[in-house]
Every structure is written in C-alpha cells, then in structure tokens.
Amino acid sequence: MDALNKIYGAVAEAWSTLLGSKVGLGQPETSPFPAREAVETLRGTHVSCSINFSGDLKGSSLVLIPAAEVKTMVGMMMASAGGEVENSDSDKLGETDLDAIKEVLNQMAATSATVLRSVLS
C-alpha cells in the first residue's frame with residue numbers, strides 16, 4: 001500500500017503541473033474482484049488506459065476516467081496553455097480531447113513506473 005500511496009502522490013503532482021491546477025487523488029482502495037464485474041458497474045462513456053507491467057513484475061493496471069472529467073482535464077490543459085476552452089455538455093469526445101488525455105495518461109504511466117522502480121529497488 002505504501003507503494004500505491006507514493007505513486008498516487010507523484011501522479012497528483014505531475015497532473016497538477018500538466019493541468020496548471022492543484023490535483024488531489026484520494027487514498028487508493030484495493031480489493032480483489034473480477035475486472036469484468038467492475039467495468040459492468042460503470043455508467044456513461046469512459047476513457048480507459050491499461051498499463052502493463054513486464055519483466056520481474058507482471059500484471060496490469062486499468063484506469064477509467066468518465067468522459068465529462070476528460071473534458072474538464074482537457075479544458076484545464078488548454079486554459080493553462082493560453083488556449084480557448086471549449087464548453088460542451090456532451091460526453092462525445094473529439095480527436096483533440098483524446099490526444100490531450102493520452103498525454104495526461106502517458107504522464108501518469110511514466111510517473112507510476114518511475115516511482116514503482118524506486119520503491120522496488
């Protein structure tokens with residue numbers, strides 16, 4: 001659990017920098033359950049990011065972000081970069097939304113890998 005806390009703290013810091021606004025992530029909750037069961041409980045459109053581990057540590061991590069939150073994050077990125085923020089109540093994600101959230105999720109994956117490497121070494 002200590003490793004997860006460190007990863008969440010580092011990801012929150014990276015996202016705060018990227019989004020130009022303070023980001024806090026709650027305490028990680030862990031429990032064994034079938035992934036299919038978890039996904040079936042979701043409502044609405046989500047963006048998913050799967051992070052696979054290889055080498056001595058094998059496994060994967062799945063992150064699901066509601067489309068409305070993706071739009072909020074993209075808006076924050078655009079505003080911090082001096083761009084125009086598109087206001088839309090739609091859950092429909094455009095190419096710009098997907099490209100921007102890919103950058104956010106890439107930052108999350110890289111930060112997680114760096115922290116995990118330091119915790120395990």
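What follows is a chat about a predicted model of a protein.

Colleague: What does the secondary structure of the protein come to?

Modeller: Remember that this is a predicted model. The protein has four helices and two strands. Starting at the N terminus, the order of elements is α-α-β-β-α-α.

Colleague: OK, the strands. How many bridges join β1 to β2, and which way do they run?

Modeller: There are eight bridges between β1, residues 46-53, and β2, residues 59-66, and the two strands run antiparallel.

Colleague: Which residue in β2 is the bridge partner of phenylalanine 53?

Modeller: Phenylalanine 53 has glycine 59 as its bridge partner. For serine 50, the partner in β2 is leucine 62.

Colleague: And how many residues sit between β1 and β2 in the hairpin?

Modeller: Five residues lie between them, and in that turn glycine 55 has a positive phi of about 95 degrees.

Colleague: Switching to helices. At what angle do α1 and α4 pack?

Modeller: Helix α1 (residues 2-19) packs with helix α4 (residues 95-120) at about 145 degrees, and their axes are 9 Å apart. The crossing of α1 past α4 is right-handed.

Colleague: Which residues make that contact?

Modeller: On the α1 side, Ala3, Lys6, Ile7, Ala10, Val11, Ala14, Trp15, Leu18 and Leu19 take part. From α4 come Glu103, Val104, Gln107, Met108, Thr111, Ser112, Val115, Leu116 and Val119.

Colleague: How do the residues of the contact of α1 with α4 divide into nonpolar, polar and charged?

Modeller: In the contact of α1 with α4, 13 are nonpolar, three polar and two charged.

Colleague: Staying on α4, what about aspartate 97, buried or exposed?

Modeller: Aspartate 97, which lies in helix α4, counts as buried because its relative accessibility is 11%, and the cut-off for buried is under 20%.

Colleague: So what does aspartate 97 touch?

Modeller: Leaving out residues up to four places away in sequence, aspartate 97 touches Val70, Lys71, Val74 and Lys92.

Colleague: Now the whole chain. What percentage of the residues count as buried?

Modeller: The protein has 121 residues, and 26% of them count as buried.

Colleague: What does the accessible surface of the protein come to?

Modeller: About 8300 Å², with 52% of that belonging to carbon and sulfur atoms.

Colleague: One last thing: among contacts between residues at least 6 apart in sequence, what percentage join residues at least 24 apart?

Modeller: For the protein, that comes to 51% of those contacts.

Technical notes
Residues numbered from 1 in each chain as written. Predicted model: local features only at pLDDT ≥ 70, side-chain atom pairs only at ≥ 80, totals over all residues. Heavy atoms only, no water. Axes fitted to C-alpha atoms, helices over the stretch in contact; angles between N-to-C directions. Left-handed = near helix turned anticlockwise from the far one by under 90°. Contact = heavy atoms within 4.5 Å. Nonpolar A, V, L, I, M, F, W, Y, C, P; charged D, E, K, R; others polar. Pairing = 2+ DSSP bridges. Buried < 20%, exposed > 50% of the residue type's maximum accessible area, 1.4 Å probe, protein only. Areas by Shrake-Rupley, 256 points an atom, 1.4 Å probe, with all protein chains shown as cover.
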